[in-house]
Amino acid sequence: PDLDLTVADELESVSSLDLVRIESVLREELSFAPGLRLLASTRSPRAWAQLYVEGFSTVMPCQRRALGTFAKPARVPLSSGQQRLWTLTRLNPEECAYHVSFSLLWHGPIDTQRLYGALQSLVRDHEVLRTRFRQDADGVVHQELMQETDGVAWSVLKRENNDARSRVRREPFDLTRGPLLRVALSGECEEVHEVLFVLHHIVTDMTSLKMLVEQLLSRYISH
């Protein structure tokens with residue numbers, strides 16, 4: 001039978017970490033690596049398909065990265081969801097309602113430097129984790145990438161310092177300065193450690209957290 005297949009012109013509700021997953025699937029399944037900033041700037045499956053048909057995926061990986069970089073716009077706009085979170089956060093900058101936090105309980109010895117190296121690798125490869133937001137003179141807000149080494153606020157806390165852990169969870173994020181990811185390591189006892197993650201919702205969603213943890217643990221093992 002004939003099938004009427006349509007391609008959406010634009011994805012309005014896709015989150016930044018949805019784009020991470022989309023980019024990963026395109027790279028693995030089609031050897032097509034347009035780059036996250038290009039995906040974010042268009043949010044158009046039709047445009048992505050056109051790039052692929054025109055031979056974007058047939059160039060060598062180094063050429064593909066160069067082409068992807070050249071095609072990226074200077075300023076990446078916010079999604080509709082990010083725009084709402086930007087407005088709400090600016091109205092109530094001291095509010096922590098849009099913080100996303102969770103903890104991992106780590107049983108057994110932990111290599112602090114190895115964990116930090118795995119975290120830096122994750123932040124380097126996922127641009128959304130080291131994104132901050134700037135507003136130009138016309139009031140238009142856009143995404144801005146931070147340096148790879150500046151994308152995470154990392155701390156090692158003393159076991160009994162509950163006040164410090166509370167500050168990590170509740171301290172307001174400055175969306176214009178970043179970083180918008182905090183990770184704190186503390187010891188519950190000699191053999192049990194807590195790894196606390198706090199992100200602003202503008203750079204993450206709940207469905208993406210499992211993927212982030214899985215990738216972090218994988219990088220820790222192989223680091």
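The structure holds six salt bridges. A salt bridge here is a side-chain nitrogen of Lys or Arg within 4 Å of a carboxyl oxygen of Asp or Glu. This is a predicted model, in which local features need pLDDT of at least 70 and side-chain atom pairs count only at pLDDT 80 or more, while totals for chains, interfaces and linings use all residues. Residues are numbered from 1 along each chain as its sequence is written, and side-chain values use heavy atoms, with hydrogens and water left out.

Start with Arg-132 and Glu-144. Their side chains meet in a salt bridge, with 2.8 Å from N to O. This pair links distant parts of the chain: Arg-132 sits in strand β3 (residues 131-135) and Glu-144 in strand β4 (residues 141-145), twelve residues apart. Helices (H or I, at least four residues) and strands (E, at least two) are DSSP runs, numbered from the N terminus.

Glu-144 also forms a salt bridge with Arg-134. Here the closest N and O atoms are 3.7 Å apart. Again the link runs between strands: Glu-144 is in β4, Arg-134 is in β3, and ten residues separate them.

How accessible are these residues? Glu-144 counts as partly exposed, because its relative accessibility is 25%. Arg-134 is partly exposed too, with a relative accessible area of 30%. The cut-offs are these: buried means under 20% relative accessible area, exposed means over 50%, and partly exposed lies in between (1.4 Å probe, protein chains only).

Now move to Arg-165, which forms a salt bridge with Glu-194. Their closest N and O atoms are 3.0 Å apart. Arg-165 lies in helix α7 and Glu-194 in strand β7 (residues 192-200), so the pair ties together parts that are 29 residues apart in sequence. Arg-165 counts as buried, at 9% relative accessibility. Glu-194 is buried as well, at 7%. Elsewhere, salt bridges that share partners join Arg-124, Asp-125 and Arg-219 into one network.

Stay with the helix of Arg-165. The buried residues of α7 (residues 162-170) are Ala-164, Arg-165 and Val-168. Seen down the axis of α7, these buried residues fall within an arc of 100°, so they line one face of the helix. That arc is taken from the directions from the helix axis to the C-beta atoms. An α-helix has 3.6 residues a turn, so residues three or four places apart point the same way. On the other side of α7, Asp-163, Arg-167 and Arg-170 are exposed.
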